[in-house]
Amino acid sequence: MGSESSVNLPPGFYFSPTDEELILHFLYSKASLPYHPNIIPHLSQHHPWELYGKSLSSGNQHYFFTEVKENRSTENGYWKEIGVTKPINNLGMKKYLVFILGEGTETNWVMEEYHISSYESRRSQNQQDESWSKWVLCKVYEKNVSQEGASYSDEDIDDNGTEVSWLDEVFMSLDDDDLDQTSLPNY
């Protein structure tokens, strides 16, 4: 069942992780640790405008975990994949969805759904492999009215140019068996 509690950040704090940080520091932990304390709640089906007060919200962005589902519908609409899947530094992938009202009215609500790629897919560089985790991390936001007529393509979506830190590269190079036995060198 979903947690209905939300996290409110103190004034002056802003939650703005990169795609890599969302996968490495939040989604991997959720998928691999059974009792991982997390500031991002688990939610079930909600309309995007109902996320205020239920998700981790920062500005107009809402973050929550949910289980991988084929059916992403609510009583008044559904999330539709727009056909853009973007690999994220051999860690996972991000799928883009838009919320559709009723029988087909596209809204300004966008979901970025983060998936973890399995170790085998990272090794073979096959980013289209489905997630090995039952969890996905979702970031939902309402795009600006000035962007309303925009269509989505791989070129339009900015990966924010973030590079992975050396510590994250060490983590990425480990296979699943190494994760239990790893200790980082002292400097």
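Reply: Helices (H or I, at least four residues) and strands (E, at least two) are DSSP runs, numbered from the N terminus. By that count, the protein chain has three helices and six strands. Their order along the sequence is α-β-β-β-β-β-α-β-α.

This is a predicted model, so local features need pLDDT of at least 70, side-chain atom pairs count only at pLDDT 80 or more, and totals for chains, interfaces and linings use all residues. Residues are numbered from 1 along each chain as its sequence is written, and side-chain values use heavy atoms, without hydrogens and water.

Now the core. A nonpolar core is a set of buried Ala, Val, Leu, Ile, Met, Phe, Trp, Tyr and Cys residues joined through side-chain atoms within 4.5 Å. Buried means under 20% relative accessible area (1.4 Å probe, protein chains only). The largest such core has 17 residues, and Ile40 and Leu137 have the most contacts inside it. H1 (19-32), S2 (61-67), S5 (105-116) and S6 (135-142) each supply at least two of its residues. H1 gives the largest share, six residues.

Leu137 touches residues including Leu22, Phe26, Leu27, Ile40, Tyr63 and Phe65, leaving aside those up to four places away in sequence. Contact means heavy atoms within 4.5 Å.

Look at H1 itself. Its buried residues include Leu22, Ile23, Phe26 and Leu27. H1 bends by about 25° at Phe26; the bend is the angle between axes fitted to the seven residues ending there and the seven starting there.

A second, separate core has eleven residues, among them Leu43, Leu51, Val136 and Val140.

Key
Buried means under 20% relative accessible area, exposed over 50%, partly exposed in between (1.4 Å probe, protein chains only).
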